[in-house]
Amino acid sequence: MGCSILLVEDDPAIARTVAYSLEREGWHVVHSLSLQDARCQMAAALPDALVLDRGLPDGSGLDWLRQLRQERCTVPGLILSAQGEELDRVLGLELGADDYLAKPFSPRELVARVRALLRRSAIAPEPAAAQRTAVLADDLPGQRILLRGAALPLTRREYRLLSHLLGGVGRIYSRDQLLEAVWGDDSDSIDRTVDTHVKTLRAKLRAVDPAHEYIETHRGMGYSLKLPPVA
């Protein structure tokens, strides 16, 4: 059987179109009309990806996705929403969505975006022992990063960004390289997205270790991770 997609959409016409488009790719689609039913479906079996309407009769699909991220659920999720302004898209990505598609949308674009989600999920690093440095530890199975033994409160994107920088300590990564590594085929992502996430990461790192600046800016080049000397 192909990949399984949990579709949470209360509009029957949209649901039929989406389900038909996804099933043509050989994917198995489970359709829920409400968050309550979606929760039951998730409890029964984890899908390979989520396609969620933002506004549902019994709550917000985005709020539920944020809750899943807080519970360390890493199933990739795409939000469908009638709210397509830049601020809405950025908020959706910040709160845990892996992609965000505004209505009305092209079924072909939806399929391409879901395919990208599944591809990135499939090539994600296999669980392994935590990659450790003197002060930072990348806990791959737990999808978290420890700074001096304390787990940083990171969003999914922040984790991916810091994990990527940690994989090449001292190496300068351009914004384009970071966009490709962390956001992949998300066409709505721009250079400013990287800058915003770096700013937030710096604040969270300083909250634990204010004595050291971990992320360095290289003007006109990009960013690198710098570790403090081992005491």
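Reader: Hi! Which residue stands opposite Ser224 in β13?
Author: That's Glu216. Keep in mind that this is a predicted model.

Reader: Okay! And how do strands β12 and β13 run, parallel or antiparallel?
Author: They run antiparallel. Strand β12 covers residues 215–218 and β13 covers residues 222–225, with four bridges joining them.

Reader: What sits between the strands in that hairpin?
Author: Three residues lie between β12 and β13. In this hairpin, Gly220 takes a positive phi near 75 degrees.

Reader: Is Cys3 buried, exposed or partly exposed, and why?
Author: Cys3 counts as partly exposed because its relative accessible area is 28%, which falls between the 20% limit for buried and the 50% limit for exposed.

Reader: Which residues does Cys3 touch, leaving out those up to four places away in sequence?
Author: With those left out, Cys3 touches Trp27, His28, Asp48 and Leu118.

Reader: And how far apart are Cys3 and Arg115?
Author: In sequence, 112 residues separate Cys3 and Arg115. In space, they are 10.0 Å apart, C-alpha to C-alpha.

Reader: What about the protein overall, how much of the contacts comes from residues 24 or more positions apart?
Author: Such residues account for 58% of the contacts with a separation of 6 or more.

Reader: How many helices and strands are there?
Author: The protein has eight helices and 13 strands.

Reader: And what share of the residues is buried?
Author: Of the 231 residues in the protein, 45% are buried. As for the surface, the protein exposes about 11600 Å², and carbon and sulfur atoms supply 52% of that.

Reader: Let's switch to pockets. How much space lies in the second largest pocket?
Author: About 330 Å³.

Reader: Which residues lie nearest the centre of that second largest pocket?
Author: Those are Arg69, Gln70, Leu154, Thr155 and Arg156, out of 18 residues that line the pocket.

Reader: Which helix or strand gives the most to the lining?
Author: Helix α3 does, with three residues. Here α3 spans 61–70, and β10 (144–147) and α6 (156–166) also each supply at least two residues of the lining.

Definitions and conventions:
Residues numbered from 1 in each chain as written. Predicted model: local features only at pLDDT ≥ 70, side-chain atom pairs only at ≥ 80, totals over all residues. Heavy atoms only, no water. Buried < 20%, exposed > 50% of the residue type's maximum accessible area, 1.4 Å probe, protein only. Contact = heavy atoms within 4.5 Å. Areas by Shrake-Rupley, 256 points an atom, 1.4 Å probe, with all protein chains shown as cover. Pairing = 2+ DSSP bridges. 1 Å grid on protein atoms, 1.4 Å probe; cavity = no way out; pocket = protein on both sides within 12 Å on 5 of 7 lines; lining within 4 Å. Points joined across faces, edges and corners; volume = space filled by probe spheres on them.
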